[in-house]
Amino acid sequence: MLYSVRHRTTYRYDEPVSLSHHAAHLRPLDRHQQSCRSHQLVIEPLPTSIEQTTDYFGNGVMVFTIAGLHQSLIVISTSEVEMRPMTLDPSVGQAPWERIAAVAATPRDPADLVAAEFAVASPAADVTPVIQRYAAPSFPAGRPLIEAALDLAHRIHGEFKFDPTATTISTPTEEVLRLKRGVCQDFAHLMIAGCRAHGVPARYVSGYLETDPPAGGKRLVGADASHAWVAVYAGDGIWLEIDPTNDRLAGTSHVAVAQGRDYGDVSPLRGVILGGGDHVVEVAVDVERMLI
Amino acid sequence: MSQSFLAGYQVPAGTYDEMCGPDGAVRPAWAALLKAPDFASAATVESRWQLAERMIRENGVTYNVYGDPKGLARPWPLDPLPAIVPASEWRQIETGLAQRTRLLDRLLADLYGPQTVLKDGTLPPALLFANPGFLRPCHGIQPPDGVQLHLAAFDLGRMPDGGWVVLDDRTQAPSGAGYALENRMVLSRSLPDAFRAQPVERVSGFFRALRETLSRAASAAAARSRGSGAEPRIVLLTPGPYNETYFEHAYLARYLGYQLVAGEDLTVRYDRVYLKTLGGLQPVDGILRRLDEDFCDPLWLKSNSSLGVAGLVAAARRGHVAILNPLGSGAVEGAGLIPYLPALARKLLGETLLLPQAETRWLGTPGALDTLDADLADRVVKPAFSGMDASPVYPEHLDVGRRAELIARIKAAPQRWALQDHLPLSSVPAWVDGRAVPRGLLLRAYVTADQDGGHKVMPGGLARVAPEVGRLMVSLQSGGGSKDVWIVGDRPSEHVSLWQSQPDAVELKRHAADLPSRVADNLFWLGRYAERTEITIRLVRAARQRGLPDLNNPGGPAVAPLRECLAGLGFVLAEGPPQPAAIMAGLSQPIEALHRAATTVRDRLSMDTWRVLNALPALADLDQLLQRLAAFNGLVMENMTRGLGWRFLEIGRRLERAYQTLAFARVLGQAVGPTEPALLDALLEVADSSMTYRARYFMGLKPAAVLDLVLADEANPRAVAFQLLAIGQHLAALPRERHGTSTTPEAQATAAVMAALRRADMVKIARGGPEEKDGRPKLDRLCIALTSDLAEISDLLSEAYFKHAAAEPLATAASHPARA
């Protein structure tokens, strides 16, 4: 399966910006289930300096600076990504969740040590008693990890209303739990925090999702969006990717761009500006299946 | 002979007292102190204490208390009695602290590098991964000098058996070394006999080592970013005047000879750090960081910080700047790490940890919570990590409800907490209400990296005493006191003071074009507020003199216009007889604004100048206030070098004076008819030009003559024209990078206003309108036009020199919904 992804971000400022620093997590990952065949970034105005680096979590980051007055910033990321179907070995995730929690608490091999980093609270996925209580019914003693994780995703999907107006990127997870509303980020953070409250490593995956056109309608350009889901550690270096927003395992239509502890580690485009006053931001994403 | 001083000094049973042995006899190290004439009697100690207090007040030694409206600039609490530690005992502490610093340095190198201590199980991974002080964007950064921890502080307490133990490590941005230095300055002067009676080890060598360490690191960074041989520039980065220990930042910057800067003074271009100055961007190679590390870079660290410098992490990664301590050093600060340090010392150093430490347990270990309720007895709950918004909690001080709350908090996130055995602190005499009483003692010691991988421990430190007997919490934030620490040995120590000696060759500088634009801005406003305060006081005084009901004085009609002028300044003068208390209350606002402005540029003012301004809020009399302001003006004229800072202060003052003179001339100059003489008289008085007028014109008050003197007379230092000429001269002397040799817009605007004023014919301006009630329309129009021109000059100035708004983090776009 080959996808073409176009992700366009536009900032417009009320006042001129004299200097801006940005970091972009926009390059799709290379990993066993996907390969980034091509990736290019178009930035307007032209950056004064730009550098491709790798962050602590191994994601590609483009860091750029624009020195000189500008009143808008347009970043267009275009990528071609090949997705490979993965077959899940039936034994994966069959260990009781307590065992996964135990290896994360006292890791013995490098893969478990990597996972341990995601077993503790992080700024946007804090572990609190309220969240612990919410997640607890999905984690009865001895339940296989995969069942526990899928059950938590299933409950979130069933109990929460999808509502882009209810939350912002800074809404705390406990508040999301109270509102029972939110978007993919909120659901991902809630699920991550629920797993971590039980000692199970879980990380945040940001990326894109191919969406189907409305029945009988034409696919609308720009109707897609960036997406977020969860990777839960199943032991032996294997991570199960689960999409709580859609209540299913992530598959070939989930194109991953970056992974971290939570949104804060991998926000697609962050920046610090000098001047600018108020600003508005627009994002348009197109994920298209390419005919090979 | 020291009986009267020690009369009634009672050490609680079972407590180790620093001064008195178990038999009540004075310990040998204290003998010389107590024999000194300073300690002859309670009365001599009291007088020494008053001297010390006055020095602290006059030097403006302060610390700020958060969340307390009166907390800004509290006088620093210093106890007149030093804590004395025998040198032989201190040598052991020194060796132990140097080892501990070396260990933490190596641990940081491992945690921010290969993380072998996690892989081999020496350190539980959650201690690092759940630690908010572990800054992931800083992983893999190599400091240019290879040192991960340049400056560390340790809190030490003494056990009943006399041994010292470490209670806490401070590695992020340790505070207090500057206060320790100031304490020493004050005490060595207020207890001269006692200080000279014995060989007290000097602390200046520690600061010299610190400066050399930073200089080495900055030179290495300069060599990488600008080529070898570049003279390194080092700055002290402060969060600003509202920080708890701002005094110390300014004090240390001055003592060490570094420029004091805020985040907004710095910028990063091409992964290099620059100081924004009036003369353009100047490279920065070393940063002595007093800003908390997670606030240092809004791009990579805490994104809502407006105190940091975007891109600083990237500059550090390139090795283009040396930061002391490096970003991320707080990862080894919390109490959670303490129980693992002995094993880490064996692993990383191959050594046994020398200095005992308080028995501490990290609650993130499996099973640690099983007996939590019972374990809380006789223990202190401490945050496991630095940067957590929490202070130590003493469970036995809590009621049942609070205790349950604490337990729930711990259980929710056990990794964030540690339990430490509650140690009974030793006692030390403190001077309270005229007598010596025992108080708990906590000693903060400082260690700096020295050359060749060595370390230097400050011989002394900052002792803190609990505010009450038996009270265990020791914190300056909650009202404890501080003490100087004297290490007393048998050999005299070398005396070096950084105030005088500069070991390196000095490049002489006459002109500092590297004044940060933020400082220029603040000095400009200091000038404006000083002038505004002075004019407000003059107006109030004029109104008060004329409003006294028992005087049948001719000034009566001027009261209402004076009140109008004051209203324009935001000062509401009540009707009726003047109420001194209400007047002083009304003045507190401009005086506070002035004091605040002075606080922001405190490090740029001489000690005398600061003292004058610092005393303003306490004055309760208009004449005293005016005298103090005159003293300030005199100091600015006589003591401030004619650099760019002085020019901006002067421009601010001149601009404000021109502005305010136009405002009250317009109101007071309006009257035509019977009230005219009274108002012109008030106008001359407020403009401080009565004497000049009478000396020049041997006649009554003529409107044209008065207006000419106050507005257009270029020789009258109070006239608007004089201010414009002065502003023009200052503008001509500013660096004008932008315009080459051509005239700047602000200079052009000033010249245009001057020309307009010269063209104005004062005889015509002074003519009244067709009717008495019309006043003087031409004067009105002239004042309005000139006022708006002045506002334009001010805008052009800030556009050209002060535009340095703090960088703002961008809100990021929320991920949108996607439902398949």
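## Sheet, hairpin and helix packing in a predicted model

In chain A, five strands form an open sheet in the order β10-β9-β8-β7-β11, with antiparallel pairing. Strands β10 (248–249) and β11 (254–260) of chain A each have a single partner strand and stand at the edges, so one side of each is left without a neighbour in the sheet. The model is predicted: local features need pLDDT of at least 70, side-chain atom pairs count only at pLDDT 80 or more, and totals for chains, interfaces and linings use all residues. Residues are numbered from 1 along each chain as its sequence is written, while chains are lettered from A and ligands numbered from 1 in the order in which they are written.

Helices (H or I, at least four residues) and strands (E, at least two) are DSSP runs, numbered from the N terminus. Two strands pair if DSSP finds at least two bridges between them. Strand β9 (residues 239–243) of chain A is joined to β10(A) by 2 bridges, and the two run antiparallel. Within β10(A), Leu249(A) is the bridge partner of Ile242(A).

Two helices of chain A pack on this sheet, as tabulated below. Contact requires C-beta atoms, placed from the backbone, within 7 Å; axes are lines fitted to C-alpha atoms, for helices over the stretch in contact, and angles run from 0 to 180 degrees between N-to-C directions.

| α4(A), residues 145–159 | β8(A), residues 226–233, and β9(A) | about 20 degrees with β9(A) |

Elsewhere in chain A, strands β3 (residues 49–54) and β4 (residues 60–83) pair in the antiparallel sense over 6 bridges. They form a hairpin with 5 residues between them, and Gly58(A) in the turn has a positive phi of about 90 degrees.
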